[in-house]
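The sequence and coordinates are shown first.

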Amino acid sequence: MTRYSATSELAMRYFQVPVDETFDPPRYNVAPGTDLEAFRAGHETPAAFQPMFWGFRPKRVEDGPRPINARAEKVPTSPYFRSAFARRRCIVLADGWYEWRKTNDGKQPYYITLAEDASQDVLMMAGIWEPTADGGACCAIITEPASERLAHIHDRKPLVLDAECRWDWLDPDRTEREAIRAGTVRLNPDTLIYHPVSTRVNRPSEDDPGLIEAIT
């Protein structure tokens with residue numbers, strides 16, 4: 001995943017939430033097990049900024065797995081995820097993400113991002129979150145079957161929201177599965193573009209703009 005657009009600017013533009021500029025430095029290789037820049041419903045406001053550890057675990061579970069993704073087909077009913085899906089949904093901002101295509105020579109990474117003429121200038125990935133014992137939060141990104149446009153790269157993709165539905169997605173009063181589904185509007189997959197990139201992205205220590213440049 002990448003997030004190189006300034007979080008503080010995006011926060012004001014889309015959520016009217018002030019965010020310190022210390023969260024603005026670009027990230028070109030955001031790896032699981034690190035913090036994501038995310039937004040959740042506020043206690044007294046529609047949205048609040050919350051750095052979230054990328055690896056979900058319900059607070060009631062002392063020693064369990066920390067999945068980074070939650071399948072859309074199961075997240076409403078899974079005992080591990082369903083409470084968060086009903087009451088603690090979040091949005092993770094990203095400029096793009098990486099997927100790996102299986103080839104005869106190994107896995108080839110691709111970078112997927114918004115086209116220049118897209119209706120929004122940032123990806124809003126749907127997620128679920130959970131408070132942690134230290135006062136922070138952890139999260140997982142919801143995934144779904146890939147669209148026909150992307151299926152030749154990988155069979156799954158993040159659930160990316162159309163920005164128009166961001167308030168409905170965060171709304172804590174929407175707790176029923178059908179109400180949540182009715183308020184979920186997916187980003188048009190035709191607004192996404194992709195290209196192959198260097199296998200340097202396989203190393204979490206690599207983090208520079210060259211990672212998202214197309215290779216031939």
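## Strand pairing around strand 7

Strand 7 and strand 10 (residues 160-161) run antiparallel and are joined by two bridges. Within this pairing, Met124 stands opposite Leu161 of strand 10. The model is a predicted one.

Strand 4 (residues 89-94) is joined to strand 7 by six bridges, and the two run antiparallel. Here Cys90 has Gly127 of strand 7 as its bridge partner. Strand 8 (residues 137-145) also pairs with strand 7 in the antiparallel sense, over five bridges, and Ile128 has Ala140 of strand 8 as its bridge partner. The hairpin formed by strand 7 and strand 8 has five residues between the strands, and Gly135 takes a positive phi near 90° there.

| Partner of strand 7 | Sense | Bridges |
|---|---|---|
| Strand 4 (residues 89-94) | antiparallel | six |
| Strand 8 (residues 137-145) | antiparallel | five |
| Strand 10 (residues 160-161) | antiparallel | two |

How many of the nine residues of strand 7 are buried? Eight of the nine, in the range 123-131, are buried, so strand 7 is largely enclosed by the rest of the structure.

## Nonpolar cores

The largest nonpolar core has 31 residues, and the members that touch the most other members are Phe15, Met124, Ile128 and Trp169. At least two residues of this core come from each of helix 1 (7-15), helix 2 (82-87), strand 4, strand 7, strand 8 and helix 3 (166-170). The most is given by helix 1, with four residues.

The surroundings of Phe15 give a local view. Setting aside residues up to four places away in sequence, Phe15 touches Leu10, Phe39, Ala47, Ile91, Leu93, Met124, Arg166, Trp167 and Leu170. A second, separate core has 24 residues, including Cys90, Ala137, Cys139 and Ala146.

A backbone feature is found at Gln16. This residue lies in the loop between helix 1 and strand 1 (35-40). Gln16 has a positive phi of about 55° although it is not a glycine. Most residues other than glycine have a negative phi.

## Cysteines

Zero disulfides are found in a search of the whole structure. Cys139 is buried, with a relative accessible area of 0%.

For Cys165, the closest cysteine sulfur is likewise in Cys90, but the separation is 13 Å, again too far for a bond. Cys165 is buried as well, with a relative accessible area of 2%.

Phe56 lies in the loop between strand 2 (48-54) and strand 3. Is Phe56 buried or exposed? With a relative accessibility of 1%, Phe56 counts as buried, because the limit for a buried residue is under 20%. Phe56 and Pro67 are 11 residues apart in sequence, while their C-alpha atoms are 5.5 Å apart in space.

Apart from neighbours within four places in sequence, Phe56 is in contact with Pro65, Arg66, Pro67, Tyr80, Phe81, Ala84, Ile128, Trp129, Glu130, Cys138, Cys139 and Ala140. Among these contacts, Ile128 is one of the most connected members of the largest nonpolar core, and Cys139 belongs to the second core.

Phe56 also takes part in lining a cavity. The count comes to one cavity of 30 Å³ or more, and the largest cavity holds about 30 Å³ of space. Its lining consists of Phe56, Pro58, Arg60, Pro79, Tyr80, Phe81, Arg82, Ser83, Ala84, Arg88 and Glu130. Helix 2 supplies the largest share of this lining, three residues.

## The largest pocket

The largest pocket has a volume of about 510 Å³. Of the 24 residues that line the largest pocket, Trp54, Ile68, Tyr98, Glu99 and Trp100 lie nearest its centre. Strand 3 (69-71), strand 5 (96-103), strand 8 and strand 9 (156-158) each contribute at least two residues to the lining of the largest pocket. The largest share of that lining, four residues, comes from strand 5.

Terms used: Residues numbered from 1 in each chain as written. Predicted model: local features only at pLDDT ≥ 70, side-chain atom pairs only at ≥ 80, totals over all residues. Heavy atoms only, no water. Buried < 20%, exposed > 50% of the residue type's maximum accessible area, 1.4 Å probe, protein only. Pairing = 2+ DSSP bridges. Core = buried A, V, L, I, M, F, W, Y, C linked by side-chain atoms within 4.5 Å. Contact = heavy atoms within 4.5 Å. Disulfide = S-S within 2.5 Å. 1 Å grid on protein atoms, 1.4 Å probe; cavity = no way out; pocket = protein on both sides within 12 Å on 5 of 7 lines; lining within 4 Å. Points joined across faces, edges and corners; volume = space filled by probe spheres on them.
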